Amino acid sequence: MIDNTFNVSFLKFNTLSIIISFFILSTLIIILSINLSKYADALSERKKIDGSLIGLILLAGITSLPELAVSISSVKNLPTNIGCNFAIGNIFGSNLFNLVIMGICIVMFSVKFKNLVNKNFFVNLSVQTILLTIFTLLILNINFLRTYGDYFFLIIPPLYVLFLIINNYYSFNISQKSKFNKLINKNSFLFYSNFILLSFFIIFSGFLMTLIAEIMSLNVSDGGLGINKNLTGTLFLALSTSLPELVIALSCIKIGNINMAYGNILGSNLFNFLIMFITNLFITDTFILANISSRNNISLLSILLLSLILIILIKIKNVKIIRIMSFSLFFIYLLTLSFI
């Protein structure tokens, strides 16, 4: 009889414990993310900062750190071709899933979406995602750019900073009235301590989720679920690391801070390209995009298409058309997974 276990330091996993651990960690992240969204909403009023900027810079950075952790861990601890595919599949898959999160939010809150005040802010974020996606596609598919990709990658950090400056210009720099008066009036030390602790536990839980997702890709005989590695990166790793974005987005919209919700989702997509640059720094003697499957082109093309659809959705004023078009985000995502 095959011993259906996989050792990670002192822990032993079997198929059932993998599934149970995945759902327990998911529940924990959901609870933590709901509370973090409340603190972020209160922070917006405490500091008189537009919620879209809180979402773009602060929440996007916090919720994207699990992607950074798993990407670096993948290229450092796995064989080069496997590690690079895991890392890139995680990054591109997270961007795809974030756009699906937008679709979920738009379908559930289409009236609020139609009445977005600072639409140019979100159009800019979508356009910036498109530009970085095209940039990555060119590097991946043009031999000259791919050969010297390390040098071309250097443009990503200054572009990211430039985009933040542009987005700051298009934000209203005003806070939204928060419903959480107790948090607003809370002692500053306790408020920021709790905020930091919540952020830390979300990041740590997200990292544990990625470990579980990686185990899923192992053969059944090794204690995994035998799932295709490209699919693991694009689906399970992306789902694991994007779960905070989903919960925070829905929580923010529910409490009335729609700008913060969408700023977090689209800001995470921008930050993920910065993660790609940072991850590449941990690879020696090669370049991350030179070691990945051509199937990642499918993910990039899907990100382009979904981002374009999102721009169209932002411009549309008819709620019924918005809802109908939003479902195309789900369809394209599922189609992408089937090709991967």
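Leaving aside neighbours within four places in sequence, with which residues is Ile-288 in contact? They are Val-75, Cys-84, Ala-87, Ile-88, Phe-153, Thr-279, Asn-280 and Ile-283, where contact means heavy atoms within 4.5 Å. This is a predicted model, in which local features need pLDDT of at least 70, side-chain atom pairs count only at pLDDT 80 or more, and totals for chains, interfaces and linings use all residues. Residues are numbered from 1 along each chain as its sequence is written, and side-chain values use heavy atoms, with hydrogens and water left out.

**The chain as a whole**

- The protein chain has 14 helices and two strands; these are DSSP runs numbered from the N terminus, helices being H or I with at least four residues and strands E with at least two.
- Of its 340 residues, 56% are buried, meaning under 20% relative accessible area (1.4 Å probe, protein chains only).

**The nonpolar core**

- The largest nonpolar core holds 100 residues; such a core is a set of buried Ala, Val, Leu, Ile, Met, Phe, Trp, Tyr and Cys residues joined through side-chain atoms within 4.5 Å.
- Phe-113, Phe-153, Tyr-262, Met-276, Ile-288 and Leu-289 touch the most other members.

**Helix 8 and helix 12**

- The axes (lines fitted to C-alpha atoms over the stretch in contact, with angles from 0 to 180 degrees between N-to-C directions) of helix 8 (residues 156–170) and helix 12 (residues 258–280) come within 9 Å and cross at roughly 160°.
- Helix 8 is therefore roughly antiparallel to helix 12, a term for angles over 145 degrees.
- Residues making this contact include Tyr-160 and Phe-163 of helix 8 and Phe-273 and Met-276 of helix 12.

Note on methods:
Parallel < 35°, antiparallel > 145°, perpendicular 65-115°, else oblique. Buried < 20%, exposed > 50% of the residue type's maximum accessible area, 1.4 Å probe, protein only.
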